[in-house]
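Please read the points below with the model open beside you. They are meant as a colleague's notes for checking residue by residue.

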Amino acid sequence: AFTPGTAISRSTQAAIEAETDEATYVSPNLVRNSPSSAKGFVRIDAAGAIVAGSYNITSITDTGVGDRTVVWATDFSNANYTCVAAFAEDITGSAASYFSFDTFGVGSVRHAIARAAALVDQATGVVGFGDQ
């Protein structure tokens with residue numbers, strides 16, 4: 001607990017990851033170590049190119065129609081992380097669309113986008129959470 005009038009020290013990466021309750025401050029370069037912080041995010045256009053504003057992304061590998069791999073700049077500690085995604089679905093049509101993550105690797109995640117059971121290229125967004 002913090003006592004007024006005492007000096008506050010900088011937190012360590014281990015303390016941030018463990019979410020310990022201590023009288024420390026989290027410096028800007030360590031915020032990314034919090035379990036609740038996004039470790040990377042990217043917006044990808046329909047052609048498979050990175051749209052400005054991504055974080056911790058090295059590249060996008062366009063493996064084929066509707067099949068892409070996001071390459072993280074900083075690897076995850078293991079493949080037990082999670083991602084969330086968003087994509088624009090054509091709400092005027094009746095074809096069902098889906099987005100699925102196919103392969104989680106420490107340095108990349110592969111995903112597929114389909115409409116009416118056929119892979120399609122379209123704009124997407126991907127965010128990764130986990131330990132790095």
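1. Basis. This is a predicted model, in which local features need pLDDT of at least 70 and side-chain atom pairs count only at pLDDT 80 or more, while totals for chains, interfaces and linings use all residues. Residues are numbered from 1 along each chain as its sequence is written, and side-chain values use heavy atoms, with hydrogens and water left out.

2. Nonpolar core. A nonpolar core is taken here as a set of buried Ala, Val, Leu, Ile, Met, Phe, Trp, Tyr and Cys residues joined through side-chain atoms within 4.5 Å. The largest such core has 14 residues, of which Val42, Val70 and Trp72 touch the most other members. At least two residues of this core come from each of strand S3 (40-44), strand S5 (57-64), strand S6 (67-72) and strand S9 (108-115); strands are DSSP runs (E, at least two residues) and helices likewise (H or I, at least four), numbered from the N terminus. Leaving aside residues up to four places away in sequence, Val70 has contacts that include Val42, Ile44, Ile57, Val109 and Val126, where contact means heavy atoms within 4.5 Å.

3. Salt bridges. Two salt bridges are counted, each being a side-chain nitrogen of Lys or Arg within 4 Å of a carboxyl oxygen of Asp or Glu. One of them joins the side chains of Asp67 and Arg110 at 2.4 Å, N to O; Asp67 lies in strand S6 and Arg110 in strand S9, so the pair ties together parts that are 43 residues apart in sequence. Asp67 is buried at 13% relative accessible area, whereas Arg110 is partly exposed at 31%; buried means under 20%, exposed over 50%, and partly exposed in between, with a 1.4 Å probe and protein chains only.

4. The other pair. Asp121 and Arg68 meet through their side chains in a salt bridge of 3.8 Å, N to O. Because Asp121 lies in the loop between S10 and strand S11 (124-129) and Arg68 in strand S6, this pair ties together parts 53 residues apart in sequence. Asp121 is partly exposed, with a relative accessible area of 33%, and Arg68 is buried, with a value of 0%.

5. Aromatic rings. The structure holds eight aromatic pairs, counted when rings of Phe, Tyr and Trp (its six-membered ring) have centres within 6.5 Å, with planes under 30 degrees apart called stacked, over 60 edge-to-face and the rest tilted. Phe101 and Phe104 have ring centres 5.7 Å apart and planes at 45°, so the pair is tilted. Both Phe101, at 23% relative accessibility, and Phe104, at 29%, are partly exposed.

6. Backbone. Which residue in the loop between helix H1 (13-18) and strand S2 (24-25) deserves a look? Glu19 is placed there, with a positive phi near 55° although Glu19 is not a glycine, and Glu19 is exposed at 59% relative accessibility. Ala116, also not a glycine, has a positive phi of about 55° and is found in the loop between S9 and S10. Most residues other than glycine have a negative phi.
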